[in-house]
Amino acid sequence: MSRVYLFNKPFQVMCQFTDDAGRATLADFIQEPGVYAAGRLDYDSEGLLVLTDEGSLQHVLTDPRHKLAKTYWVQVEGEPSAQALEQMRQGLRLKDGLTLPAEVRLLPSEIETSLWQRDPPIRYRANIPTSWLEIKIKEGRNRQVRRMTAAINHPTLRLIRMGLGPWQLTELAPGEGRLLSEQEYQTTVAPLLASRDNRRSSSAARKPGHVPSGASHRRRAYRASGARRKGSSGSHG
């Protein structure tokens, strides 16, 4: 069974195991050998990171064609209006094109008390309130969530990834991680890989010129018999 490691990446930790600039990296927290991050989480973002030694799973988690949902809790400056949130749900025009519709809801302000304290804390501005949003997206453009909140004039102050595909950030403090059990693997990873295989089969079947194996065999046999018939009629001349 391949290994899948769930990790709560702290703020200002590089999403890699080495860094020439001397910044904190995954190597400062993870001793599990041979696993690598499936996708990235920005240096200044926190939360769920999935690492694995399974190349097929890395592909599923990073290929935008699979459209796995990513859930973020985002603290923004100000109080977004209902209209601003609806803009995100409809899709926003960014420099690299229109985003897919996002699922967005306003979280209660008390949600902050259930989270760990960030070190260092965010910079609060006097007389400007903050709000927490839950944002779910199915694409992974560079710094997309931050650009989306900026597009509605509510800059991101803190960003935590709470979920990725079938996994949620639960019971993991910043810097902590754990391997999936065999049962968790069978209920979360196996369906993802099966879905990828089914998608590949469907895609191959739709390609021009593709013929099912049985039909291909019958076509070759028919061509061979046709060649024999042509050879016979020619010898009668």
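Just after helix H2, glycine 91 takes a positive phi of about 110°. Helices here are DSSP runs of H or I with at least four residues, strands are E runs of at least two, and both are numbered from the N terminus. Keep in mind that this is a predicted model: local features need pLDDT of at least 70, side-chain atom pairs count only at pLDDT 80 or more, and totals for chains, interfaces and linings use all residues. Residues are numbered from 1 along each chain as its sequence is written, and side-chain values use heavy atoms, with hydrogens and water left out.

Let's stay with H2, which covers residues 82-90. Its buried residues are Ala84, Leu85 and Met88, where buried means under 20% relative accessible area and exposed over 50%, with partly exposed in between (1.4 Å probe, protein chains only). These three cover an arc of only 100° around the axis, so they sit on the same side of H2; the arc is that of the directions from the helix axis to the C-beta atoms. What do they pack against? The partners of the buried residues of H2 are strand E7 (103-107), strand E8 (130-137) and H3, with contact meaning heavy atoms within 4.5 Å. On the face turned away from the buried side of H2, you'll find the exposed residues Ala82, Gln83 and Gln90.

Now for helix H1. Leu57, Val60 and Leu61 are its buried residues, and they cover an arc of only 95° around the axis, which puts them on the same side of H1. At the start of H1, a side-chain oxygen of glutamate 54 comes to within 3.1 Å of the backbone nitrogen of serine 56.

On a 1 Å grid over the protein atoms alone, a pocket is an open set of points with protein on both sides within 12 Å along at least five of seven lines, a cavity is a set where a 1.4 Å probe fits but cannot get out, and lining residues have an atom within 4 Å of a point. The largest pocket has a volume of about 520 Å³, volume being the space filled by probe spheres set on the points, which are joined across faces, edges and corners. Of its 31 lining residues, Arg40, Tyr72, Gly140, Arg141 and Arg161 are the closest to its centre.

Finally, the whole structure has one cavity of 30 Å³ or more. Among the residues lining the largest cavity are Glu77, Arg123 and Leu157.

Terms used. Polar contact = N/O pair within 3.5 Å; in protein donor to acceptor, adjacent residues only side chain to side chain.
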